[in-house]
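I opened this entry to look up a few packing details. My notes follow the display.

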Amino acid sequence: MKFEHKDILILGDSFCELRSLPSDWPFIVSQKLYNSNEETRGYGFGGTSWWSVRKRLLKELEISVPKVLILCHTDPNRIPNDYDYALNFSSCFEAQTKTNRIKTHTHPLEPWQEKKIAMAGYLYYTELWSSEYCKWSMISWFKELDEIVEVYKIPYVIHLRCFDHKYIFKNGMTVKEDLVDMSLVGYQYRNHFTEEMNKKVGNRLVELVLNYKTGLQELAL
Amino acid sequence: MRLKVKFEHKDILILGDSFCSSRTCTSDWPFIVSQKLSNSNEETRGYGFGGTSWWSVRKRLLEELKLHVPKVLIMCHTTPDRIPNDYDAGINWTTVKFKKIYSWGDGTKIDEDKQQRIVKAATLYYEELWSKNYCQWAQLAWFKELDELLSNQKIPYVINCMSFSNCPNYIFQNSMTIKENLSDVAHFFHPEGEGNFNHFTEEGSKKLGNRLVELVLNYQQGLQELAL
């Protein structure tokens, strides 16, 4: 199978955010599949809700339909918003007690705005948040995604579970392991993995594309 | 009016928002529907969650289906903007603006301190985080799920009423969708307070009840007009 640069699309959260170094797993996947050193198509919205990934996927599909789509599905509890702000338990709670910043991706924030948004997120979690609703909402997105993959006839789709969820996609491959279980905390780790693990993940995903099967599959690193 | 089908009281389920919350008075449209179709004066099965998100209606529908699958289901689908929560509290633009979040969904009073915290949280949520597109998407996802659910449960008579004009423009596949938005039936709209029959005048409430009975008895799927 021959691929072009535009044929490989990798989208998701912080597990696929860093993609410029040859040892980053998204770089490895795109480099090995299309033999080019261009930066991998797509984006990793670190800390942000799946809603940002959905919006970006729909935009990317308007540009060109990829042949390989790899998605890192994040935690359902992050707060969907129109500006791709990284609003999650950690960012909202830590912004109240520490000097941590709310991460932004597409819309920068002034410090005064950031404080208000962090407070809005913190109060949302303490007074309004419903775990059941967030789970339902993400499962509904997965069902829609299954339809999108079918409608656009994307031949190779790999769904990576970053955190614990049990959904098995009808259309595409679902990787059994949760990425969080093989991750490490710390800014020195790119995509939450050691350099060695980044390489292992990248090489394994290339194998999974080349020996593609739908349904539940193991990374088995 | 001669009934083609005999229904029991438990066969008629009416769920939704404030457009179906009053159901004890003989002029309340839910009572009329239930009374005429089942010939029972018991309080109409179901609940109208005034001010509350569709999420509360979904939860209640799933509970009701476990008890008994109805033969007639009438739903009033509310505005997508309300904030889903686990307590069925009516958290929306208006209740937040006027600081009117007094009770949980089961009617128990919310203490003053908690009320203030909810109002502050919801105010900031609407100001800083709320996404119209996301809310529309979520309600549409619910409608699609409901369509599947109705198909699986094989409920023979289902009428979907949209309460407000900003509900997603959706026609249910496996049931009847009413063309008019209930809030747009403006000459029936009644200010809040005494004599308020689910936002209708007493006469409007009776007309709506009788019309819904007609629509059940002459049931057709797809888009149908109330044409009151």
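**Around B:Val33**

I looked up B:Val33 and skipped its neighbours within four places in sequence; it is in contact with B:Ile12, B:Ile14, B:Ile74, B:Gly209, B:Leu212 and B:Val213. Contact here means that C-beta atoms, placed from the backbone, lie within 7 Å. The model is predicted: local features need pLDDT of at least 70, side-chain atom pairs count only at pLDDT 80 or more, and totals for chains, interfaces and linings use all residues. Residues are numbered from 1 along each chain as its sequence is written, and chains are lettered from A and ligands numbered from 1 in the order in which they are written.

**Cores**

I then looked for nonpolar cores, meaning sets of buried Ala, Val, Leu, Ile, Met, Phe, Trp, Tyr and Cys residues joined through C-beta atoms within 7 Å. Buried means 20 or more other C-beta atoms within 10 Å of the residue's own, exposed means 12 or fewer, and partly exposed lies in between. The largest core has 84 residues, and A:Ile70, A:Leu160 and B:Val33 have the most contacts inside it. Helix H5 (residues 132-153) of chain B gives the most to this core, 7 residues. I also found a second, separate core of 25 residues, which includes A:Tyr85, A:Ala86, A:Tyr122 and B:Ile91.

**Chain A against chain B**

I counted 20 residues from chain A and 21 residues from chain B in the contact. On the chain A side, helix H4 (111-128) and helix H5 (131-151) are the elements that give two or more residues. H4(A) gives the most, with 9 residues. Helices are DSSP runs (H or I, at least four residues) and strands likewise (E, at least two), numbered from the N terminus.

**A helix pair in chain A**

I checked helix H1 (residues 25-34) against helix H6 (residues 195-210), both of chain A; their axes come within 8 Å and cross at roughly 40°. Axes are lines fitted to C-alpha atoms, for helices over the stretch in contact, and angles run from 0 to 180 degrees between N-to-C directions. H1(A) is therefore oblique to H6(A); angles under 35 degrees count as roughly parallel, over 145 as roughly antiparallel, 65 to 115 as roughly perpendicular and the rest as oblique. Among the residues that make the contact are A:Trp25 and A:Ile28 of H1(A) and A:Val201 and A:Leu205 of H6(A).

**B:Cys25**

B:Cys25 sits in the loop between strand E1 (12-16) and helix H1 (29-38) of chain B.

Note on methods
Two residues are in contact if their C-beta atoms, placed from the backbone, lie within 7 Å.
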